[in-house]
Amino acid sequence: MASVKKKGLISDLKERLIQHLFEMSGWLALVVLLGIFALLLTTAIPAFKEINLKEFFTSSRWDPTSPEKPEYGILSMVVSTMLVTAGALAIAFPLGLGVAAYLSDVASHKVREIVKPVVELLAAIPSVVVGFIGLTLVGPLIARIFKLSNGLNALNGSLLLAIMALPTVISISEDSLQAVPQAYVEASLALGANRWQTLVRVKIPAAISGIAASFMLGLGRAIGETMTVLMATGNARSFPHGFLDSVRTLSANIAIELGEVPYYTTHYYALFALGLILFVMTFVINLTADLILEKQKRKLQ
Amino acid sequence: MKSSIKKNRKNFRAELSQLLGFLFVRISVYTILLVLLFFFYDVSNRGFKVISWEFLSEPPRRGMTEGGILPAIVGTFLVTLITALFAVPIGMAAAIYLHEYARPNRLTRLVRLSIRNLAGVPSIVYGLFGVILFVNWLKFGTSVLSAGLTLGLLTLPWTITASEEALKSVPDSYRHGALALGATKWQMIRTNVLPYALPGMLTGAVLGLARAAGETAPIMFTGAAFYLPYLPRSFKDQFMALPYHLYVMATQHHSIDQAKPIAYGTALVLIVFVVVFNLGAILIRGRLRNKWRH
């Protein structure tokens, strides 16, 4: 009798121990997310002992290694990042939405089973390979078309980032188009609308929040991408005036300078401040997308 | 009469817009397929010329203008091993917690939210985090260990999500059966859930690892070396990695003409690696999905 009780106690303890182990692993994600933010913040703060906050955000001169007067203005890098990202989304969003519509409205089951893995494959290509293609293939092409000495510029970066953002746009848009109740489609067709009218005036409006989220998530992916822009945009530090200018994005600047910077200098801390800005930007974008998707899910339930 | 012409015109316009609309939709698909095809064609066309047994089995020589990429292959393998040892068990455990234990309350939602957000953190930010935490604080230095753990954190959201999908696919009746026979929760998970979910979990994990192996930004500053004539002897050593080697050969080498063929070869090895793992996982996943659909 007593041994049974004891056994019960031990197995009870074991049960609880195991549960706590699993629980801790689950919480790790939250801890890591907070940890990233906290560590970036604490490492970025010392930079502002020497850097004027106003200069940091409004100056477009970034020259931390200047022997006379190091300058830390991130404006041109922020504008470059936005330029390249905007170009990427201008390509990836219509194209991605088109593919999503194809998958949900045009393709037969069999074709879908082939195209979907291909899209996944696109997502799996390492960014450094995409950057390499930009360097060897897209760059010379751009140079020839626009008669430039080289094709390493914002346009090249945008084209490549579009490829990186496409899978995200496609899969989220398609999910939300698929989630539109069949009854909506049937009602529209029954009223005499053709399939295109149904898609544009019924399905897309019904799925609009998911489609918006796909745009946001693609945006988040493009803003933080490093290797492709590092290899394809030429990385000039000047303020960009158009898509044919060479640009240096926030992420590329971190990648370029972190390898050479001496630890625990203002320059080092400033690079972490750039990382923090990147983190906050993507976090806000992803969180917004997430909230939109949550809301849509609840609405459709 | 007049109204019927008007109606006809309207119909015509609707038909035309449908025609053009779906034409655009098709074109966008073909564009992407063509781009992808062109990618693969260009890289394999030029890469195959370089790849030989020597290329895969020898270290680089003469300032990386000759020889092979063996240290990069081995380095990528080792760093992925660390990533796997870290991310796969924790990812699975977290998924088990979320799917089998967690109550649907606000805290659970917060955990899920942070998992989804972690998946969106830029890889270069993981690199910065790895520099502070693993290289400096924990004093692992720039090493296989630091880089592997950094990639492990990056992979974690993917492995959790994939594992949870696998757990979702196990029918609830399996769970109820075990519980009805008096099994404890852990016994139920161990005997009636995990055996069925494990293949799916591992497939997802492999996919995540293949992706991690192709990452460059997180390992650039946490352990990947420009050039090492020898293989890493311990997990505290620096290492060469395929993606970083490709970056170096493509942009940092002093002699572009001599480096370019090697870069193409490296790119091809990387692509083949990624495609094989992905196709394998997609096939296995398809089979698993059909298995449960009875």
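User: What makes the crossing of helix 6 of chain B and helix 8 of chain B right-handed?

Analyst: A crossing is right-handed if the near helix is turned clockwise from the far one, and left-handed if turned anticlockwise, by less than a right angle; helix 6 and helix 8 of chain B cross in the right-handed sense. This is a predicted model, where local features need pLDDT of at least 70 and side-chain atom pairs pLDDT 80 or more, while totals for chains, interfaces and linings use all residues. Residues are numbered from 1 along each chain as its sequence is written, and chains are lettered from A, ligands numbered from 1, in the order in which they are written.

User: Which residues of helix 8 of chain A are called buried, and why?

Analyst: A residue is buried if 20 or more other C-beta atoms lie within 10 Å of its own, exposed if 12 or fewer, and partly exposed in between, with C-beta atoms placed from the backbone. In helix 8 (residues 195-206) of chain A, W196(A), T198(A), L199(A), K203(A) and A206(A) are therefore called buried.

User: How do you know that they are on the same side of helix 8 of chain A?

Analyst: They cover an arc of only 140° around the axis, so they share one side of helix 8 of chain A. The arc is that of the directions from the helix axis to the C-beta atoms. The face turned away from the buried side of helix 8 of chain A carries the exposed R201(A) and P205(A).

User: How many residues does each chain give to the contact between chain A and chain B?

Analyst: Chain B gives 71 residues and chain A gives 67 residues, contact being C-beta atoms, placed from the backbone, within 7 Å.

Conventions: Contact = placed C-beta atoms within 7 Å. Helix = DSSP H or I, 4+ residues; strand = E, 2+ residues; numbered from the N terminus.
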